[in-house]
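Open the model in your viewer and keep the sequence panel beside it. The stops below say what to select and what to look for.

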Amino acid sequence: MSSKPLPILPGTTLGILGGGQLGRMFTIAARTMGYKVMVLDPDFASPAGKMADVHLQADYTDHGALRQLGAACAAVTTEFENVPAASLIELANHCRVSPGAASVAIAQDRSHEKTWLREHGFATAPFALVASEADLDAALAATGAPALLKVSRFGYDGKGQARVGTLEEARAAFREFGGQPCVLEGFVQLELEVSVVLARSDAGECALFPVAENRHDNGILDISIVPARVPDSLSQQAREMARAVADKLGYVGVMAVEFFVADGRLMINEIAPRPHNSGHYTLDACVTNQFEQQVRALCGLPLGDTRLLSPVAMVNILGDRWHDGGPHWDALLAHDNIKLHLYGKEAARPGRKMGHFNVLDANLPAALALAEKMRAVL
Ligand code: AMP
């Protein structure tokens, strides 16, 4: 690896693999701080590509493009877990890369992730690995019914998941997914879902953002409420578990840990090796937002202050709202305590994340009430 001394300072070029909304918000943060940004994304209409100094329009496995990125950038990060680990390894021959390929490889494969969590003593929902149809019987016996069959790779926002009650249903779902490796997970009676976004430096220093309480709709994050309305002891435990995951991974960069709360206990659902949708509240409600923190961790700068400046409710805006003359931006922007973020995506499709808004109010129930009202009005 080329050895640009740390910290990497403004004026330098940073790279990012993936040009979706997370890459766009990273690009905005980096450029605000005076860095140049090069985005690698095959999509010519990439939301981050439009904001970057340079958009390399090529595949994530394109050796020429990876060489070009590595030569131009002092450091490269990623905005999504499905980037091939081999590409990160290749890039690491040219420049600093964070997070490292090993962490991404664990988080991008549900079977590896769940196995790693169990081996390291973290509580999860009961699960069993399913490599072939023959495994389903024993898997269902291990998890109990009902259960969720989830594809190991490339599932997101509830896609690649099926609820199954019987062996027959599990077989049908497994075939529907093309017989690819899956995880069967016992269905948990959720009281609540929470998440923790954190950053970890090369030196192992951790900065944790406040715990978010997350509500999902159809498997997609709908609203995050911060601070989470859970006992302090549970918040503290979630933060400690998230920190322990980052430490055991030897993680460098920003990551998120999503939890289920059931019977007052925490179970880890997923690890995201990148900033997270449930951390978008930090854009307006924290001293440092998760994307500036990503820049700081990538560049080997001291991590920023994660203090919450105001209670906040974050609402996702999905493509479903682009009908009947909507979305009604006028109604939303009439409020002086609502901050709108749109991602510059051209095509609005149902379920597609087009933007979000943050409602800030010293009174959390008031923030949530306005968030819910605006969600309905939009
Ligand atoms: P995932 O993509 O695995 O994060 O799942 C998306 C959402 O589906 C989660 O945020 C939960 O709301 C729900 N879900 C996933 N797994 C389970 C489970 N084992 N039991 C109950 N609900 C689940």
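The tour goes from the ligand to its surroundings, then to a strand pair and a loop.

This is a predicted model, in which local features need pLDDT of at least 70, side-chain atom pairs count only at pLDDT 80 or more, and totals for chains, interfaces and linings use all residues. Residues are numbered from 1 along each chain as its sequence is written, and side-chain values use heavy atoms, with hydrogens and water left out.

**Stop 1: the ligand**

Select the ligand and the 16 residues around it, of which Lys150, Gln161, Glu185, Glu193 and Asn269 come nearest (near means that a heavy atom of the residue lies within 4 Å). This shell divides into five nonpolar, six polar and five charged residues; Ala, Val, Leu, Ile, Met, Phe, Trp, Tyr, Cys and Pro count as nonpolar, Asp, Glu, Lys and Arg as charged, and the others, Gly among them, as polar.

Now colour residues 126-186 (domain 2) and 190-377 (domain 3); both give residues to the shell, so the ligand lies between them. The domain bounds come from an automatic or database domain assignment. Strands β7 (147-151), β9 (182-186) and β15 each supply at least two shell residues (strands are DSSP runs of E, at least two residues, and helices runs of H or I, at least four, numbered from the N terminus).

**Stop 2: atoms beside the ligand**

Show the backbone of Gly186, where an N or O atom lies 2.9 Å from a ligand nitrogen. A polar backbone atom of Val188 is also 2.9 Å from a nitrogen atom of the ligand. The protein covers 90% of the 470 Å² of accessible area that the ligand has on its own (Shrake-Rupley method, 1.4 Å probe).

**Stop 3: Lys150**

Select Lys150 in strand β7. Which side chain does the side chain of Lys150 make a polar contact with? The partner is Glu185, at 3.1 Å; such a contact is a pair of N or O atoms within 3.5 Å, and within protein one must be able to donate a hydrogen and the other to accept it, while residues adjacent in sequence count only if both atoms are side-chain atoms. A polar side-chain atom of Lys150 also lies 2.8 Å from a ligand oxygen. Lys150 has 4% relative accessibility, so it counts as buried (under 20%; exposed is over 50%, partly exposed in between, with a 1.4 Å probe and protein chains only).

**Stop 4: β14 and β15**

Select residues 253-262 (β14) and β15, which pair in the antiparallel sense over seven bridges (pairing needs at least two DSSP bridges). Glu258 has Glu270 in β15 as its bridge partner. Two residues separate the strands of this hairpin, and Asp263 in the turn has a positive phi of about 55°. In β15 (265-272), six of the eight residues are buried.

**Stop 5: Gly121**

Finish at Gly121, in the loop between α5 (110-119) and β6 (127-130). Gly121 is exposed, with a relative accessible area of 64%.
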